[in-house]
There are 2 protein chains.
Amino acid sequence: MDILLQRNAKGRLFVISGPSGVGKDTLIDRLIAQTDGIMRSVSATTRSPRANEVNGRDYHFVTHAAFARDIASNLFLEYEKYGENYYGTPVGPVKDNLQQGTDVILKIEVKGALNVRRQMPDARLIFIAPPSLDELERRLRFRDTDSADAVTTRMEIAQAELKQAMHYDYMVVNDVLDEALAQLRCIITAERVRVT
Amino acid sequence: MDILLQRNAKGRLFVISGPSGVGKDTLIDRLIAQTDGIMRSVSATTRSPRANEVNGRDYHFVTHAAFARDIASNLFLEYEKYGENYYGTPVGPVKDNLQQGTDVILKIEVKGALNVRRQMPDARLIFIAPPSLDELERRLRFRDTDSADAVTTRMEIAQAELKQAMHYDYMVVNDVLDEALAQLRCIITAERVRVT
């Protein structure tokens, strides 16, 4: 019954977006810890590492010159400039993992996510939403890594991003973490038994 | 944030097919027992009830005349004739439940399933497959409700149906029951957080 054996030969690409403070990293870390056959793509960036960030784990920290060379060599699946810095997804590791049958998770902004889907129409886009804008603001203030001005800016971006959620395949509301995680795991499981 | 509140207003229609003996009824019964907000559509048929079957639970057992009247009145979402008997899905309860936000499961043959999708393109089609044809044959013989000839016929139908699985949205292989059930539940969960 070849139809049964062949269908899972290639990996799937999952793209996760959502406003700052909604809990994307916690969800992705737990998802990967609990799930076989899935890995997270590490982005490249020209910004400086923060205190707790490790090169090659959190980001590939590169110079502007190196980033520009990689753009010219077409080595990014997508890249964007935010403020003074570039952020991009190196295409090589993503394609290699998918080819070997490993699922790949990208965490990227809405604009980058929609760009990825244009290039890889099989990508599944998952939006992580807060239960409400008030709750998102509360979490951002509680996190206390941003100034009050930065929180205001992040809230404006969040409202713009939420309007884009309709272009995603799935929307998970991160109200209770374990429930959101269970939904996220189910999306992966369901997509693995999807007929392509 | 209206986008979050409105998205689950209507129920979803799940259509489940798969060869005789693959375990569809067991899976559906357990799925419904473990899941809120989902019910099973009861088909109408002109065939006689078997010993353990209850009218209104397993099927609506009706006369040929009543079935013909309902066809004429356009009261079936789909219907088919198998052998001397008719089987059909009454459209009223399906639409009422979906309208009220309850998910509905239909268990129907491949031909009927593809007909349903033509009428309700949002329907999600799930194919339950055996781990192998040999294993399916073993289960049919073990079940011992069919003669050897009937098993041969069912196996021929199964091979034809498996070729149609590519037209379904999902394929769940029922090898270990609990794993197949978990996959089925995840499909329901994932579809509930799908952006429509």
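**Exercise 1. How many residues of chain A are in contact with residues of chain B?**

Ground rules: this is a predicted model, where local features need pLDDT of at least 70, side-chain atom pairs count only at pLDDT 80 or more, and totals for chains, interfaces and linings use all residues. Residues are numbered from 1 along each chain as its sequence is written, while chains are lettered from A and ligands numbered from 1 in the order in which they are written.

- Step 1. Apply the contact test: C-beta atoms, placed from the backbone, within 7 Å.
- Step 2. Count: 23 residues of chain A touch 23 residues of chain B.
- Step 3. Find the elements (DSSP runs numbered from the N terminus; helices are H or I, at least four residues, strands E, at least two). Helix 1 (2-6), strand 9 (170-173) and helix 8 (177-192) of chain A each give two or more residues to this side.
- Step 4. Helix 8 of chain A supplies the largest share, 5 residues.

**Exercise 2. Find which residues of helix 2 of chain B are buried and which are exposed.**

- Step 1. Count other C-beta atoms, placed from the backbone, within 10 Å of the residue's own: 20 or more is buried, 12 or fewer exposed, in between partly exposed.
- Step 2. In helix 2 (residues 24-34) of chain B, B:Leu27, B:Ile28 and B:Leu31 are buried.
- Step 3. These residues share one side of helix 2 of chain B, because they cover an arc of only 95° around the axis (directions from the helix axis to the C-beta atoms).
- Step 4. B:Asp25, B:Asp29 and B:Ala33 are exposed on the other side of helix 2 of chain B.
- Step 5. The cover over the buried residues of helix 2 of chain B includes strand 1 (13-17) and helix 8 (177-192) of chain B.

Methods:
Two residues are in contact if their C-beta atoms, placed from the backbone, lie within 7 Å.
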